Amino acid sequence: MLSTTAQSQLCRLRPAHALKPRPLTTTAAAASSSLLADQPPPSTPPPPPPRSQILTLRRSLLSRQVTAVQLAESYLARLRLTEPHLNSFLHVSDAVLTEARSVDDRIGRGEDVGPLAGVLVGVKDNICTADMPSTGGSRILEDYRPPFDATAVRKVRELGGIVVGKTNLDEFGMGSTTEGSAYKVTANPWDVSRVPGGSSGGSAAAVSARQCMVALGSDTGGSVRQPASFCGVVGFKPSYGRVSRYGLMAYASSLDVIGCFGSSVADTAILLNAISGHDRHDATSSKREVPDFISYFTASNTLEDKPLEGMRVGLICETLGSGVDSGVVSVINAAASHMEELGCIVEEVSLPSFSLGLPAYYILASSESSSNLSRYDGVRYGSQAVADELSSLYGVSRAEGFGSEVKRRILMGTYALSAGYYDAYYKRAQQVRTIIQKSFKAALDENDILICPAAPSAAYKIGEKKNDPLAMYAGDIMTVNVNLAGLPALVLPSGFVDGGPSGLPVGLQMIGAAFDEEKLLKVGHIFEQTLRSRRFVPPIIEDDNVC
């Protein structure tokens with residue numbers, strides 16, 4: 001039975017079939033989308049800015065107002081109630097309360113506890129954990145338990161974080177909806193008939209539904225940023241090399257990064273601080289000093305009238321044209337207007353190579369995946385089929401273990417790398433990648449940050465694009481260029497479009513120069529603190545105290 005404190009902090013939940021629409025702002029109820037500039041009625045005070053759950057928890061723990069066990073009980077109870085509707089997790093740890101009790105014991109003895117003490121963290125299931133299965137969402141790794149923690153997971157635990165479980169994903173990160181998972185399909189907390197995005201859809205949905213405080217995901221071509229937009233949470237893709245990839249199941253090694261989800265920019269920054277830094281196990285991890293990202297933040301009550309005075313912001317014009325939903329365009333234009341109100345100089349910038357990123361990405365990512373996934377043959381890694389000959393063992397193990405999308409990408413990549421086609425496809429894609437890197441550098445030499453949508457639309461229905469892979473690939477147009485260029489990008493919720501019980505969230509993507517994460521987080525935090533719209537709390541949760 002939950003303690004009184006835990007009960008008071010647990011959200012009241014409505015079953016999915018009983019969800020009722022919540023009114024949007026007065027203007028949004030009569031319009032096709034919710035714009036940032038809309039003012040709430042005079043009688044309705046604007047919602048408070050998002051609070052950092054991590055900092056609030058730390059103050060409560062150190063002042064003994066609440067215990068880590070009570071908070072863990074609260075989150076686990078919410079997870080049990082929402083999980084049948086959402087399917088965010090593939091595995092939930094049975095050691096959560098034991099680890100929470102250890103945190104309480106250390107606080108009771110007056111010992112120093114890390115900045116993530118008592119924080120419940122979801123981990124995408126393609127990131128290795130020593131005490132839980134790590135399947136990558138694939139049957140070929142069913143019940144696989146790594147003998148080690150990924151570096152990012154190890155750092156989280158060393159700072160007091162508690163891994164609540166492993167979240168669902170498209171198999172090996174190949175997909176945009178979680179429909180590619182071999183085990184289950186995750187639903188969007190804003191409308192359980194819609195996808196949460198992917199491939200890190202389980203992590204995004206878990207943070208959105210407050211099943212955990214923050215979560216780790218991976219981003220190869222937008223797999224953190226697109227689901228963050230669909231689920232109305234903050235998602236951050238760091239610069240390539242900022243976070244160690246050791247323990248991340250390789251998909252496309254030159255593109256893969258581990259990213260962060262949170263319900264606020266502050267929480268996302270705290271998690272990013274925890275996992276960043278050089279790692280001797282990963283030769284591609286950077287030795288650059290990791291700044292204290294939180295130190296760049298300014299409290300909302302001390303902000304100047306125009307806190308971003310003089311900052312130059314480039315709005316990528318190629319991202320607002322044909323193929324982008326009108327509601328998404330309205331939200332992004334309103335976000336740009338809001339940034340002007342904060343003192344930014346917003347101007348359109350053109351990146352002529354932007355449209356080339358999608359085909360180049362899929363050639364490069366598929367080529368790398370065909371090589372990386374060759375290790376799953378039933379001998380070195382993966383479930384082993386019964387066969388009389390070695391070649392048959394390889395073939396049957398892979399045929400039974402891999403899903404259709406993984407097989408499709410292996411075939412595409414093998415073809416692109418084959419003799420006679422290497423120059424026509426892979427080499428040309430690498431040349432396009434260099435062009436994209438140069439175009440982004442030129443644009444960021446003239447601007448502090450670039451902005452654009454995180455996806456061409458809000459979340460769509462489950463099954464809508466499952467049998468049309470080309471349409472699903474096209475949804476990555478807003479995000480893949482950032483991976484090709486190795487740049488950091490932040491997505492934060494900025495408005496709504498019509499759909500679902502209470503509207504569907506739309507995320508604004510901010511792109512910065514390499515290893516300039518602190519600037520993105522500072523701008524994002526100010527943007528978030530001054531946003532005039534309803535809170536981004538999904539209708540599956542009914543509790544005014546949820547932040």
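Visitor: What does the side chain of serine 244 make a polar contact with?

Guide: The partner is the side chain of aspartate 279, at 2.6 Å. Keep in mind that this is a predicted model. The serine 244 side chain also reaches the backbone nitrogen of tyrosine 246, at 3.1 Å.

Visitor: Where does serine 244 lie?

Guide: Serine 244 is in a loop, between strand E7 (234–237) and strand E8 (257–262).

Visitor: Buried or exposed, that serine 244?

Guide: Serine 244 counts as buried, because its relative accessibility is 1%, and the cut-off for buried is under 20%.

Visitor: And what is serine 244 in contact with, leaving aside neighbours within four places in sequence?

Guide: Thr151, Ile258, Gly277, Asp279, Asp282 and Ser285.

Visitor: How many residues apart in sequence are tyrosine 251 and phenylalanine 172?

Guide: They are 79 residues apart in sequence, yet their C-alpha atoms are 6.6 Å apart in space. Phe172 is on the contact list of tyrosine 251, which leaves aside neighbours within four places in sequence. That list also includes Gly173, Met174, Tyr361, Glu368 and Arg409.

Visitor: Let's zoom out. How many residues has the largest nonpolar core?

Guide: It has 141 residues, and Phe172, Met339 and Met510 are those with the most contacts inside it. Helix H9 (residues 265–275) gives the most to this core, with eight residues. As background, nonpolar side chains in soluble globular proteins tend to be buried together.

Visitor: What does methionine 339 touch, not counting residues up to four places away?

Guide: Methionine 339 touches Val313, Cys344, Val346, Ile449, Ile451, Met510, Val523 and Phe527. Met510 is itself among the residues with the most contacts inside the core.

Visitor: How many cavities of 30 Å³ or more does the structure hold?

Guide: Three. The largest cavity has a volume of about 80 Å³. It is lined by 15 residues, and the closest to its centre are Gly175, Ser176, Ser223, Tyr361 and Asp476. Tyr361 has come up already, as a contact of tyrosine 251.

Visitor: Switching to backbone geometry: which residues does a cis peptide bond join?

Guide: Glycine 198 and serine 199, with omega at about 10°. Serine 199 is in the loop between strand E5 (162–167) and helix H7 (201–208).

Visitor: What is phi for aspartate 143?

Guide: About 70°, a positive phi although aspartate 143 is not a glycine. You'll find aspartate 143 in the loop between strand E4 (120–124) and helix H6 (151–158). Aspartate 143 is exposed, with a relative accessible area of 62%.

Visitor: And arginine 210, what's phi there?

Guide: Near 55°, again a positive value in a residue other than glycine. Arginine 210 lies in the loop between H7 and strand E6 (214–219). At 3% relative accessibility, arginine 210 counts as buried, whereas aspartate 143 is exposed.

Visitor: Now a helix. Where is isoleucine 363 found?

Guide: In helix H11 (residues 357–372). Isoleucine 363 is partly exposed, with a relative accessible area of 22%. Not counting residues up to four places away, isoleucine 363 touches Ala416, Tyr425, Tyr426 and Ala429.

Visitor: Last one: which side chain does glutamine 53 make a polar contact with?

Guide: That of tyrosine 75, side chain to side chain at 2.6 Å. Glutamine 53 is in helix H3 (residues 53–62) and is buried, with a relative accessible area of 9%. Glutamine 53 and valine 214 are 161 residues apart in sequence, with their C-alpha atoms 9.1 Å apart in space.

How values were computed: Residues are numbered from 1 along each chain as its sequence is written. Side-chain values use heavy atoms; hydrogens and water are left out. A nonpolar core is a set of buried Ala, Val, Leu, Ile, Met, Phe, Trp, Tyr and Cys residues joined through side-chain atoms within 4.5 Å. Buried means under 20% relative accessible area, exposed over 50%, partly exposed in between (1.4 Å probe, protein chains only). Helices (H or I, at least four residues) and strands (E, at least two) are DSSP runs, numbered from the N terminus. Contact means heavy atoms within 4.5 Å. A polar contact is a pair of N or O atoms within 3.5 Å; within protein, one must be able to donate a hydrogen and the other to accept it, and residues adjacent in sequence count only if both atoms are side-chain atoms. On a 1 Å grid over the protein atoms alone, a cavity is a set of points where a 1.4 Å probe fits but cannot get out, and a pocket is an open set with protein on both sides within 12 Å along at least five of seven lines; lining residues have an atom within 4 Å of a point. Grid points are joined across faces, edges and corners, and a volume is the space filled by probe spheres set on the points.
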